[in-house]
Amino acid sequence: MEGAMSPNYKLIYFNARGRAEHIRFIFAYAGVDYHDYRVPKEKWPELRKTMPFGMLPVLEMDGKYIGQSNAIARFLARQYDLAGKDEKEALQCDVMVDTLGDLKQVLWLYRSEQDPIKKEERKTTLLKDTIPFYLKRFEKAIAENGGFAVGGSITWTDFVFAVALENFEIIFGKDALEAYPHLRALKERVFSLPQIQTWIQKRPHTEF
């Protein structure tokens, strides 16, 4: 982007970390100015009609709307050298993020379950089978990459994982990552970055 004017960015999402926080981490780490617009609940029904697919987050860039959180993140990662050192690393970033997305979908089904008996059954399966299946593999990959998700250096994938692991500890407790020291260390490494610390100190407090 050297030699060109920086785009005017407006990130549109709810007052939550949710599906937008890893995008905010990218902006924070790269030192990019943007408008963090948090839609008031009462304004969402009308605003929804103007969104590309009626969903958030959306990145408004020079007046154009771009949907899909990970598509936005991948685009910004390429702009700010956070997409890996080459195409193979960029591919591995996508593999890690999309696989984590599979686990997050299962966690969402658990969190959204209204029947208390079914919810407890889901939790048992999660803790016994599903979560260990994924986290053991993520743990191994991070260990092999020197403590990073991909390639031995910071990528946008580290931000996706750090945000997800923060929520994971909120849901299952601070000891939930005790058996996964490399995952815990990755989260702590990201959260200790000066740019990320600055963002965390000023971001609005939300449950998720």
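Reader: Hey, quick one to start: how many aromatic pairs does the structure hold?
Author: It holds 12 aromatic pairs. Keep in mind that this is a predicted model.

Reader: Ok, take Phe 138 and Phe 161. How are their rings arranged, stacked or edge-to-face?
Author: That pair is edge-to-face, because the planes are at 90 degrees and the cut-off for edge-to-face is over 60. The ring centres of Phe 138 and Phe 161 are 4.9 Å apart.

Reader: And which helices do those two come from?
Author: Phe 138 is part of helix 5, residues 116-144, while Phe 161 is part of helix 6, residues 156-172. The two are 23 residues apart in sequence, so their pairing ties together separate parts of the chain.

Reader: Are Phe 138 and Phe 161 buried or exposed?
Author: Phe 138 is buried, and Phe 161 is buried too.

Reader: Which residues make up a ring cluster?
Author: Phe 25, Tyr 29, Phe 159 and Phe 191 do, linked into a cluster by ring pairs.

Reader: Switching to charges, then. How many salt bridges does a search of the whole structure find?
Author: The search turns up 14 salt bridges. One of them joins Lys 85 and Glu 89, with the closest N and O atoms 3.1 Å apart.

Reader: Where do those two stand, buried or exposed? Start with Lys 85.
Author: Lys 85 has 57% relative accessibility, so it counts as exposed. Glu 89 has 14%, so Glu 89 counts as buried.

Reader: What about Arg 203, which residue does its side chain meet in a salt bridge?
Author: Arg 203 meets Glu 166, at 2.9 Å from N to O. This pair links distant parts of the chain, since Arg 203 is in the segment after helix 8 (194-202) and Glu 166 is in helix 6, 37 residues apart. Both Arg 203 and Glu 166 are buried.

Reader: And which residue does Glu 169 pair up with in a salt bridge?
Author: Glu 169 meets Lys 187, at 3.3 Å from N to O. Here too distant parts of the chain are linked: Glu 169 is in helix 6 and Lys 187 in helix 7, residues 181-192, 18 residues apart. Glu 169 is buried at a relative accessible area of 8%, and Lys 187 is buried at 12%.

Reader: Which residues are linked in a network of salt bridges?
Author: Arg 17, Glu 21, Arg 24, Asp 36, Arg 38, Glu 166 and Arg 203.

Reader: New topic: strands. Why is strand 1 called largely enclosed?
Author: Because four of the five residues of strand 1, residues 9-13, are buried.

Reader: Which way do strand 1 and strand 3 run, parallel or antiparallel?
Author: They run antiparallel, joined by four bridges, and strand 3 is residues 58-61. Leu 11, for instance, has Leu 59 in strand 3 as its bridge partner.

Reader: And strand 1 with strand 2, parallel or antiparallel?
Author: Parallel, again with four bridges, and strand 2 is residues 35-38. There the bridge partner of Lys 10 is His 35 in strand 2.

Reader: What do strand 1, helix 1 and strand 2 make?
Author: They make a right-handed β-α-β unit, with helix 1 being residues 21-30.

Reader: Is helix 1 out in the open or enclosed by the rest of the structure?
Author: Helix 1 is largely enclosed, because eight of its 10 residues are buried. Among them are Glu 21, Arg 24 and Phe 25. Glu 21 and Arg 24 are also in the salt-bridge network, and Phe 25 is in the ring cluster.

Reader: What happens just after helix 1?
Author: Gly 31 comes there, with a positive phi of about 70 degrees.

Key
Residues numbered from 1 in each chain as written. Predicted model: local features only at pLDDT ≥ 70, side-chain atom pairs only at ≥ 80, totals over all residues. Heavy atoms only, no water. Phe/Tyr/Trp six-rings, centres within 6.5 Å; stacked < 30°, edge-to-face > 60°. Buried < 20%, exposed > 50% of the residue type's maximum accessible area, 1.4 Å probe, protein only. Salt bridge = Lys/Arg side-chain N within 4 Å of Asp/Glu carboxyl O. Pairing = 2+ DSSP bridges. Right-handed = clockwise from strand over helix to strand, strands pointing away.
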